[in-house]
Amino acid sequence: MQSPTFVVDAVTLEAEHAIYIDGGASPNPGPMLVAIVHGATAVQLDLDGIEGGNNEAEFRAALAAFDHAAANALCRPVIAGDSDAVISALSTGHPPSRGD
């Protein structure tokens, strides 16, 4: 699998292999919900009531997108999300520092 692209803007979202990610917790922290969308495929992950924060849920969504890309042999997936922490970490290879 070639290196994926990470975006937060709408410019690249028309890519053939765009995988949209989102995650959250309600309350924060609280039970997490994670979802990915690729084409006509939408997947909501059942985390069995696992609790965490919004950022953890967003990172779990990114991991789910990579699993989906690998399972579907996507050569150049574009991971699109609204979490600055996740997109920054995936784009730079550096995890966010505490307080980000």
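In which strand of the protein chain is confidence lowest, and in which is it highest? Confidence is lowest in strand E1 (residues 5-7), at a mean of 52, and highest in E5, at 96. The model is predicted: local features need pLDDT of at least 70, side-chain atom pairs count only at pLDDT 80 or more, and totals for chains, interfaces and linings use all residues. Residues are numbered from 1 along each chain as its sequence is written, and side-chain values use heavy atoms, with hydrogens and water left out.

**Overall picture**

- The average pLDDT of the protein chain is 84, and 82% of the residues score at least 70; pLDDT is the predictor's confidence in each residue, from 0 to 100.
- The protein chain has two helices and six strands, where helices (H or I, at least four residues) and strands (E, at least two) are DSSP runs numbered from the N terminus.
- Along the sequence, these elements follow the pattern β-β-β-β-β-α-β-α.
- The chain has 100 residues, of which 33% count as buried; buried means under 20% relative accessible area, exposed over 50%, and partly exposed in between (1.4 Å probe, protein chains only).
- Among contacts between residues at least 6 apart in sequence, 62% join residues at least 24 apart; contact means heavy atoms within 4.5 Å.

**Strand pairing around E3**

- Strand E3 (residues 30-38) pairs with strand E2 (residues 18-25) in the antiparallel sense over six bridges; two strands pair if DSSP finds at least two bridges between them.
- A hairpin of four residues joins E2 to E3, and Asp22 stands opposite Ala35 in E3.
- E3 also pairs with strand E4 (residues 41-45), in the antiparallel sense and over five bridges, with Ile36 opposite Val43 in E4.
- The hairpin of E3 and E4 has two residues between the strands, and Gly39 there takes a positive phi near 60°.
- With strand E5 (residues 51-52), E3 forms an antiparallel pairing over two bridges, in which Pro31 stands opposite Glu51.

**Nonpolar core**

- The largest nonpolar core has 16 residues, and those with the most contacts inside it include Ile19, Met32, Ile36, Ala65 and Ile79; such a core is a set of buried Ala, Val, Leu, Ile, Met, Phe, Trp, Tyr and Cys residues joined through side-chain atoms within 4.5 Å.
- E2, E3 and H1 are the elements that give two or more residues to this core, and H1 gives the most, with six residues.
- Not counting residues up to four places away in sequence, Ile19 touches residues including Ile36, Ala65, His68, Leu74 and Ile79.

**His68 in helix H1**

- His68 lies in helix H1 (residues 54-71), and it counts as buried because its relative accessibility is 12%.
- The side chains of His68 and His38 are joined by a polar contact of 3.0 Å; a polar contact is a pair of N or O atoms within 3.5 Å, and within protein one must be able to donate a hydrogen and the other to accept it, while residues adjacent in sequence count only if both atoms are side-chain atoms.
- Leaving aside neighbours within four places in sequence, His68 is in contact with Ile19, Ile36, His38, Thr41 and Leu74.

**Helix H2**

- In helix H2 (residues 84-92), Ala85, Val86, Ile87 and Ala89 are buried.
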